[in-house]
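Trainee: Could we go through this model together before I set anything up?
Mentor: Of course, let us have it on the screen.

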Amino acid sequence: AAIRTALKLRAALAALPLLAEALRRSTAAQGSELLSEAHGVITHAKFPSLLRGLDSVLDGDSSQALGGGETTASLAHVALMYAVRPSVSPLLDVARQTWNDALEQIHSLHRGYVVKYPDMNIKLE
């Protein structure tokens with residue numbers, strides 16, 4: 001849950017500059033005090049450094065971890081596991097290696113059964 005929250009926070013922080021620009025243009029056109037205040041809030045000086053901090057830990061291509069598009073639940077979990085860059089968390093690195101080893105064993109067993117029982121049309125899904 002923490003990784004998913006960090007991914008959502010990064011996505012929100014990354015969107016703030018575009019929103020700030022739109023508010024700036026709208027405020028200039030309308031002179032709205034509320035829009036001006038909103039612009040001030042979303043252009044807080046800490047936001048870029050927070051985004052840089054998240055980018056240093058999270059992988060750049062982890063959008064599937066949020067379950068967007070046609071991602072299945074199991075693929076979303078795998079994407080979450082790989083959302084954090086290697087060497088950030090030693091335990092996560094061990095979990096990834098264990099996952100990869102288990103997948104290798106599953107694929108090896110599948111190949112063996114396909115060869116041994118060709119008439120069964122065994123599929124791995």
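**Core and backbone of the model**

Trainee: Where does serine 87 lie?
Mentor: Serine 87 lies in the loop between α4 and α5 (90-116), where helices (H or I, at least four residues) and strands (E, at least two) are DSSP runs numbered from the N terminus. This is a predicted model, in which local features need pLDDT of at least 70 and side-chain atom pairs count only at pLDDT 80 or more, while totals for chains, interfaces and linings use all residues. Residues are numbered from 1 along each chain as its sequence is written, and side-chain values use heavy atoms, with hydrogens and water left out.

Trainee: What about phi of serine 87?
Mentor: Serine 87 has a positive phi of about 70 degrees, although it is not a glycine. Most residues other than glycine have a negative phi.

Trainee: Is serine 87 buried or exposed?
Mentor: Serine 87 counts as exposed, at 66% relative accessibility; buried means under 20% relative accessible area, exposed over 50%, and partly exposed in between (1.4 Å probe, protein chains only).

Trainee: Changing topic, how many residues are in the largest nonpolar core?
Mentor: The largest nonpolar core has 15 residues, and Leu7, Leu13, Ile42, Leu54 and Leu58 have the most contacts inside it. Such a core is a set of buried Ala, Val, Leu, Ile, Met, Phe, Trp, Tyr and Cys residues joined through side-chain atoms within 4.5 Å.

Trainee: And which elements give two or more residues to this core?
Mentor: Those are α1 (2-30), α3 (46-57) and α4 (73-81), and the largest share, six residues, comes from α1.
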